[in-house]
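Work through the exercises below with the model open. Each task is followed by a solution in steps.

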Amino acid sequence: MAICVVDHPLVRHHLTLLRSVETSIAEWRASLRAMTRLMMYKVTESLPTEAVKVTTPMGPAEGTRAQSESVAIVPILRAGLGMVEAALEVLPDALVGHIGLERDPQTHAPHSYYCKLPSQLERRKTLVIDPMLATGGSAGEALGLLKEKGARDLALIALIAAPEGVSAIQARHPDVSLFVAAIDSHLDSNAYIIPGLGDAGDRLFGTAH
Ligand code: PRP
Ligand code: URA
């Protein structure tokens with residue numbers, strides 16, 4: 001499996017804001033969007049393009065058109081929703097699917113509650129987005145669902161991964177490219193990433209109790 005750790009000063013800056021308990025909800029959402037945009041530049045390095053001709057004020061020029069319509073972006077609900085808008089700023093014609101998964105608090109296994117996907121996934125580059133890769137159960141399940149629906153060219157984009165999650169995806173989906181901003185130390189006994197950033201869905205939507 002190809003693993004890319006996107007290491008850039010601005011990515012590290014926004015990741016630090018996402019981790020901090022002092023970051024307000026508005027700043028947290030803004031940093032999630034900023035990090036997603038920054039990571040998408042790396043993720044889209046292999047985006048299909050076509051040659052086009054344009055006319056500048058000085059005459060003809062050869063150009064490039066990025067085929068963003070060939071991409072499907074698939075957030076894992078809920079936290080992946082916070083990355084969609086930024087991904088679409090980079091890939092404005094991409095299609096968007098949604099996969100709803102929630103971890104069981106005791107077993108940490110993902111429970112699936114929603115799935116709506118674009119058609120013809122076999123022809124598309126499919127980008128699964130979720131800020132957190134902890135045990136890898138949710139991302140592994142989402143990638144499995146997408147393969148069942150025909151997706152073949154898959155990448156998983158997470159912001160923080162645990163080594164356990166990376167190993168799980170490597171074992172279950174060795175064909176999938178993985179992009180992360182950081183691989184943290186370990187999981188705690190509740191399968192939360194240490195140091196991580198806490199519960200991404202709760203921080204995005206303000207639902208922490
Ligand atoms: C979080 C996160 C991932 C998942 C990662 O979602 O956004 O989807 O946990 O954990 P895993 O790698 O062990 O599966 P959660 O299940 O808390 O749902 P939520 O986004 O609705 O809060
Ligand atoms: N889900 C989260 O949102 N955070 C973690 O640390 C683990 C799973």
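**Exercise 1.** Which element gives the largest share of the shell around ligand 1?

Solution. The model is predicted. Begin with the elements that give two or more residues to the shell: strands S4 (71-77), S6 (98-103) and S9 (132-133), and helix H4 (137-148). Of these, S6 provides the largest share, three residues. By residue class, the shell divides into seven nonpolar, five polar and five charged residues.

**Exercise 2.** Describe the polar contacts of ligand 1 and how far the protein covers the ligand.

Solution. Start from the 17 residues around ligand 1, where Arg103, Asp130, Thr135, Gly136 and Ser138 come nearest. Next, take the side chains: a polar atom of Asp130 is 2.4 Å from a ligand oxygen, and one of Arg103 is 2.7 Å from a ligand oxygen. Then turn to the backbone, where a polar atom of Ala79 lies 3.3 Å from an oxygen of ligand 1. Finally, consider the area: the ligand alone exposes 500 Å², of which the protein buries 93%. Ligand 1 sits in the largest pocket.

**Exercise 3.** Is His108 buried or exposed?

Solution. His108, not a glycine, has a positive phi of about 70°. His108 lies in the loop between S6 and strand S7 (110-116). Its relative accessible area is 17%, and buried means under 20%, so His108 is buried.

Terms used: Residues numbered from 1 in each chain as written. Chains lettered and ligands numbered in written order. Predicted model: local features only at pLDDT ≥ 70, side-chain atom pairs only at ≥ 80, totals over all residues. Heavy atoms only, no water. Near = heavy atom within 4 Å. Polar contact = N/O pair within 3.5 Å; in protein donor to acceptor, adjacent residues only side chain to side chain. Areas by Shrake-Rupley, 256 points an atom, 1.4 Å probe, with all protein chains shown as cover. 1 Å grid on protein atoms, 1.4 Å probe; cavity = no way out; pocket = protein on both sides within 12 Å on 5 of 7 lines; lining within 4 Å. Sits in = over half its atoms within 2 Å of the grid points. Helix = DSSP H or I, 4+ residues; strand = E, 2+ residues; numbered from the N terminus. Nonpolar A, V, L, I, M, F, W, Y, C, P; charged D, E, K, R; others polar. Buried < 20%, exposed > 50% of the residue type's maximum accessible area, 1.4 Å probe, protein only.
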